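Thanks for making time this morning.

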Amino acid sequence: MAELIRLTIGPPAHGGHAVARIDDRPDGRVVFVRHAIPGEVVLARVTDGGESARFWRADAVRILEPSPDRVPSVWPEAGPDGVGGGELAHVALPAQLRWKEEVLRDALRRIGHLEADVTVRAAPGDAESGGLGTRTRVELTVAPDGRPGMHRHRSHVVLPLNDVPLAVDALREHDALRRRWEPGSRLDLVAGSEGAPLVLLDGAPVRGDRRTVRERVELGDGRAWRYRVAGSGFWQVHRAAPTVLVEAVLDAAQPQAGERVLDLYSGAGLFTLPLADAVGADGQVAAVEGDPAAVRDARRNLHDRGQVDLHGGSVADVLDAGVGAGADLVILDPPRAGAGRDVVEAVTGRRPRRIVYVACDPAALARDLRLAADAGYALTSLDAVDLFPHTHHIEALAVLEPAAR
């Protein structure tokens, strides 16, 4: 559908869109518009819609009245008709933070029925770098011409890339981006904080037999931990994210020596290792992870921490079996879909003194906070950090405590 429509852009919506309405239609048709900024007047090309559709999708292709927050895109290849992954590349960084604050605030109010002060802060170094060169992991698909690329937004078509400006320099300058590969292959470029980058082609190393990278997390007070993580496994992608999140979780949880901690969706042990050291040999950490590869990583990283019990399997099923009963603290860092009713009810049913919830999806967070509130836990603080500049993603950390009676 190639219809062009004139739109006045309204508030931002989760997903990198802004909301507009076609005022001259009797139904006030809602249009979710990419590549626009609230307050702008644009000409937009409808990319998905029809008379029977509840809403339309569109790309702003001509800006008639630009916002003062508009800047030249830092990633033009992610613009209209381009690849997904750089939805806010045309928005000034301070305005991106305000955009994400509004999205998070709206989700909490609309889905969670919660009012909360929301401030999204930039990650260390991002203001100076313009939010570029942050990603230590890049997943690419090889285009039909053999060049590394990405999918066009909401499409199976793979577009070759000339640049990956969100990647750290070690990946952005890697010769793997300039080689030709078998069309349709998956290419993973991974830069650990220690050692040379790793390149995987369809999951296999391109050179040698190394499949893991080494990561180091060091806090400002000198505490530090080392990890080994599979190149194809999950690790926070922003170069500063592991340190930012470990510091935030420890500050929020305030684990004490001898306490019992339940670490859910524990991955390779990013939080488990610092938590284990915080509670000491007399404490206990029960870590639960559903992905077998992440469990293998965690087993390596936690092998010398006798106070850690590592459980592989569905988080809901492991909790249902009684793991973590009597926990003083619960940390959970679920995937984008959130924890959900079964897990939230199992966690709140253990009546920990504090729950620290790390979230990457505002809607799922708001839903789960509502479930926790219904079970008697109040939101006592909310911290949010932009670990995904130039995209719509947000990382938030919510602290819950038993509500006063």
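Let me start with terms: helices (H or I, at least four residues) and strands (E, at least two) are DSSP runs, numbered from the N terminus. What you see is a predicted model, in which local features need pLDDT of at least 70 and side-chain atom pairs count only at pLDDT 80 or more, while totals for chains, interfaces and linings use all residues. Residues are numbered from 1 along each chain as its sequence is written, and side-chain values use heavy atoms, with hydrogens and water left out.

A cavity, on a 1 Å grid over the protein atoms alone, is a set of points where a 1.4 Å probe fits but cannot get out, whereas a pocket is an open set with protein on both sides within 12 Å along at least five of seven lines; lining residues have an atom within 4 Å of a point.

Among the lining residues are Leu332, Val344 and Asp368.

The second largest cavity holds about 40 Å³ of space, and α4 (241–253), β21 (377–386) and β22 (395–402) each supply at least two residues of its lining. Glu395 is one of the residues that line this second cavity, and Glu395 is also in contact (heavy atoms within 4.5 Å) with Asp333.

Asp333 sits in the loop between β19 (329–332) and α8 (341–349) and is buried, at a relative accessible area of 15%; buried means under 20%, exposed over 50% and partly exposed in between, with a 1.4 Å probe and protein chains only.

Finally, the aromatic pairs, of which a search of the whole structure finds two. Rings of Phe, Tyr and Trp (its six-membered ring) pair if their centres lie within 6.5 Å, and planes under 30 degrees apart count as stacked, over 60 as edge-to-face and the rest as tilted. Phe32 and Phe55 have ring centres 5.1 Å apart and planes at 85°, so this pair is edge-to-face. For Tyr227 and Trp235 the centres are 5.1 Å apart and the planes at 55°, so that pair is tilted.

Notes:
Points joined across faces, edges and corners; volume = space filled by probe spheres on them. Lists of a residue's contacts leave out its neighbours within four places in sequence.
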